[in-house]
Amino acid sequence: MSPRAGNTGPRTLAFVESPVQLLNVLEWAHAHAPGAELTLVVLSPTDPMTRGQLRRMAELAREEGHEVRWEEARGGPGAPFQTIGGLAGMLRRADRVVLGDPFSRYVQLLLTITRAPDLVVVDDGTATMEFVAQLARGERLVRWHRKGGRPSPRDLAFAPISAAARRRLTPGEGRGVGIFSSMPMTETPAGVTVSVNAFAWTRARFGPPRITKGADMVGTSLVETGVVDADRYLEAVTGLAKTHGATRYFAHRREATDKLHRLAVETGLEIVRPDLPLELIARRGPIGRTILSFPSTVVHTLPLALAGTEVRVSVCDIDPDWLTETASPRAQGFLSGVTGSARDVHRLSAVSVAPVV
């Protein structure tokens, strides 16, 4: 178990909007701030799956001795103003701010309020790789699956705040910036301190898991984000399941219910809606000896969480023919980079699927 948080050290304020971000704040606290006065602020989204996982993660954070503040940040037209107003005092008093999604407009707005001399970015999945690269090149902060598109009027209106947040995330006199990540970094911004998230808290807190003989599959939200065609994705999942004998499909929290229903009917896979991030589900077990995935965060994190076990993570490449017409021009290169930079995984060729007519 981690040392329980106490009342010593700098006042640390952490902002999270997803279960994975909250998990990585706990990992950061375990590795770098045992005994810190840590307040976790959950900027709650609206979708039920994410909210459910966040509530479970909040319970674990409280068990570790941290204070958790739940904000209905998207609970209506006036919610953002109410949330920001209620947090302004805490932001101004904080000595250190930890955040999980520097692309979030909510977080960018909060960054314009704080004057904390120490900022830390923890992983929000593979998006961290893109954030670090953009920060190193001095580019505006844009999520990889949207890059290449024309800015919307809303993007243009928010541009000054986004630019101010990027400046706050750039190290300067009296301001340190750290990145705590399990993702590979090809470019490191000047002056930024990078430390490795090895999932030590997860391994100490859970497991080792019971390992079954079969294979499990990890779902992705690439269809929901408009990157991959739904029919091609279904055919690829079907092919992988048959080839490797997969029986369970761990759904991504953003996957649409109708897509999952179709997957269950047409593939026979048992659809599992995890109540915690997959790293914790896998570490608790039972889990298949082989885990099949498409390019995503878990090809980097699961080998760390499952270190010392006999579980093998296998990742299937995304065929360029699976991409939608509206996918970002950067999509194929980014997804290939996610797979190619993963350590301790077995790489599978893209599954052949019949052409869509």
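The model is predicted; local features require pLDDT of at least 70, side-chain atom pairs count only at pLDDT 80 or more, and totals for chains, interfaces and linings use all residues. Residues are numbered from 1 along each chain as its sequence is written, and side-chain values use heavy atoms, without hydrogens or water.

Helices (H or I, at least four residues) and strands (E, at least two) are DSSP runs numbered from the N terminus. Helix α1 covers residues 19–32, 14 residues in total. From first to last C-alpha it reaches 20 Å, close to the 20 Å expected at 1.5 Å a residue. The expected span is 1.5 Å times one less than the number of residues. Helix α1 is mostly covered, with 10 of its 14 residues buried. Buried means under 20% relative accessible area, exposed over 50%, and partly exposed in between (1.4 Å probe, protein chains only). The buried residues of α1 include Gln21, Asn24 and Glu27, as well as Leu22, Val25 and Trp28.

A nonpolar core is a set of buried Ala, Val, Leu, Ile, Met, Phe, Trp, Tyr and Cys residues joined through side-chain atoms within 4.5 Å. In soluble globular proteins, nonpolar side chains tend to be buried together. The largest core here has 41 residues. Leu22, Val25, Trp28, Leu40, Met57, Leu280 and Leu302 touch the most other members. At least two residues of this core come from each of β1 (8–16), α1, β2 (36–43), α2 (48–63), β5 (118–122), α10 (278–284), β11 and α11. Helix α1 gives the most, with six residues. Contact means heavy atoms within 4.5 Å. Beyond its neighbours within four places in sequence, Leu40 is in contact with residues including Ala14, Val16, Leu22, Val25, Leu26 and Ala61. Another core, of 32 residues, lies apart from the largest one; among its members are Leu43, Ala88, Val121 and Leu141.

The structure holds four aromatic pairs. Rings of Phe, Tyr and Trp (its six-membered ring) pair if their centres lie within 6.5 Å; planes under 30 degrees apart count as stacked, over 60 as edge-to-face and the rest as tilted. Trp201 and Phe206 form an edge-to-face pair, because their ring centres are 6.0 Å apart and their planes stand at 85 degrees. Trp201 is buried at 1% relative accessibility, and Phe206 is buried at 10%. The rings of Tyr233 and Phe294 have centres 5.3 Å apart and planes at 45 degrees, so this pair is tilted. The pair links distant parts of the chain, 61 residues apart: Tyr233 is in helix α8 (residues 230–244), and Phe294 is in the loop between β11 (287–293) and α11 (298–305). Tyr233 is buried at 2%, and Phe294 is buried at 2%. Tyr233, Phe294 and Trp322 form one aromatic cluster.

Arg55 lies over the face of Trp70, at 3.9 Å from the ring centre. The criterion is NZ of Lys or CZ of Arg within 6 Å of the ring centre and within 35 degrees of the ring normal.

Ser195 is in strand β7 (residues 193–196). Ser195 counts as buried, at 18% relative accessibility. Its side chain makes a polar contact with the side chain of His32, at 3.1 Å. A polar contact is a pair of N or O atoms within 3.5 Å; within protein, one must be able to donate a hydrogen and the other to accept it, and residues adjacent in sequence count only if both atoms are side-chain atoms.

Lys242, in helix α8, is exposed at 70% relative accessible area.
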